[in-house]
Amino acid sequence: MKNSINPVEIGQRLKALRLKFNLNQAETVAALDVEIQCSQLSKIEHGKSLPSFKVLCALADLYNVSIDYLRSGGEPVSNMEPSGIFTENATEIALIQAFRAMNIAEREAIVRLIDTFGRDRGLDKNAA
């Protein structure tokens, strides 16, 4: 059984996922909750560098795949809970990116606005 990590294969999988979600490298970097530069993502995608564990986890979360899938291939098993929501919609991705870029006070204001919007329409945020 082969246990070696192949940076080229990891990079190919990451690039394929990024393209599947119609993201460029700058959008991908902006969507992550970790510090990484576009130049570093490019090196990773070209197999010239391996991502740190923190970056690997963030990319797996972003693309909704397991770390095992990124490392060794196979079926792209989802990391999401059964009730989790994930989107490939560019507008929703942009909203998530904007939310992640906000400070705590801005995020809290948006959450209050969404809660009010939902209550006005009879939506229960706790309903699954």
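Me: How much space lies in the largest pocket?

Reply: The general idea goes like this. Rolling a probe the size of a water molecule over the atoms shows where empty space is left. In this predicted model, the largest pocket holds about 500 Å³ of space.

Me: Which residues of the lining lie nearest the centre of that pocket?

Reply: The lining has 10 residues, and Leu95, Ile96, Phe99, Ile110 and Ile114 are the ones nearest the centre. Two elements give two or more residues to this lining: helix 6 (90–101) and helix 7 (104–120).

Me: Which residue caps the N-terminal end of helix 7?

Reply: That's asparagine 103. One of its side-chain oxygens sits 3.1 Å from the backbone nitrogen of alanine 105.

Me: Zooming out, how many helices and strands are there in the chain?

Reply: Count 7 helices and 0 strands. Read from the N terminus on, the elements go α-α-α-α-α-α-α. The chain has 128 residues, and 30% of them count as buried.

Me: How many residues does the largest nonpolar core have, and which of them have the most contacts inside it?

Reply: General idea: in soluble globular proteins, nonpolar side chains tend to be buried together. In this chain the largest nonpolar core has 23 residues, and Leu14, Leu17, Leu32, Ile36, Tyr63, Val65 and Leu70 have the most contacts inside it. The elements that give two or more residues to this core are helix 1 (7–20), helix 2 (25–31), helix 3 (38–45), helix 4 (53–63) and helix 5 (67–72). Helix 4 gives the most, with 7 residues.

Me: Take leucine 14 from that list. Why does it count as buried?

Reply: Leucine 14 counts as buried because its relative accessible area is 1%, and the cut-off is under 20%. Its place is in helix 1. Leucine 14 and leucine 41 are 27 residues apart in sequence, but C-alpha to C-alpha they are 9.3 Å apart in space.

Me: On to backbone angles. What is phi of asparagine 22?

Reply: As background, most residues other than glycine have a negative phi, and most peptide bonds are trans. Asparagine 22 has a positive phi, near 55 degrees. You'll find asparagine 22 in the loop between helix 1 and helix 2. Asparagine 64 also isn't a glycine, and its phi is positive at about 60 degrees. Asparagine 64 belongs to the loop between helix 4 and helix 5.

Me: Is asparagine 22 buried or exposed, and is asparagine 64 buried or exposed?

Reply: Asparagine 22 counts as exposed because its relative accessibility is 64%. Asparagine 64, with a relative accessible area of 16%, is buried.

Terms used:
Residues are numbered from 1 along each chain as its sequence is written. This is a predicted model: local features need pLDDT of at least 70, side-chain atom pairs count only at pLDDT 80 or more; totals for chains, interfaces and linings use all residues. Side-chain values use heavy atoms; hydrogens and water are left out. On a 1 Å grid over the protein atoms alone, a cavity is a set of points where a 1.4 Å probe fits but cannot get out, and a pocket is an open set with protein on both sides within 12 Å along at least five of seven lines; lining residues have an atom within 4 Å of a point. Grid points are joined across faces, edges and corners, and a volume is the space filled by probe spheres set on the points. Helices (H or I, at least four residues) and strands (E, at least two) are DSSP runs, numbered from the N terminus. A polar contact is a pair of N or O atoms within 3.5 Å; within protein, one must be able to donate a hydrogen and the other to accept it, and residues adjacent in sequence count only if both atoms are side-chain atoms. A nonpolar core is a set of buried Ala, Val, Leu, Ile, Met, Phe, Trp, Tyr and Cys residues joined through side-chain atoms within 4.5 Å. Buried means under 20% relative accessible area, exposed over 50%, partly exposed in between (1.4 Å probe, protein chains only).
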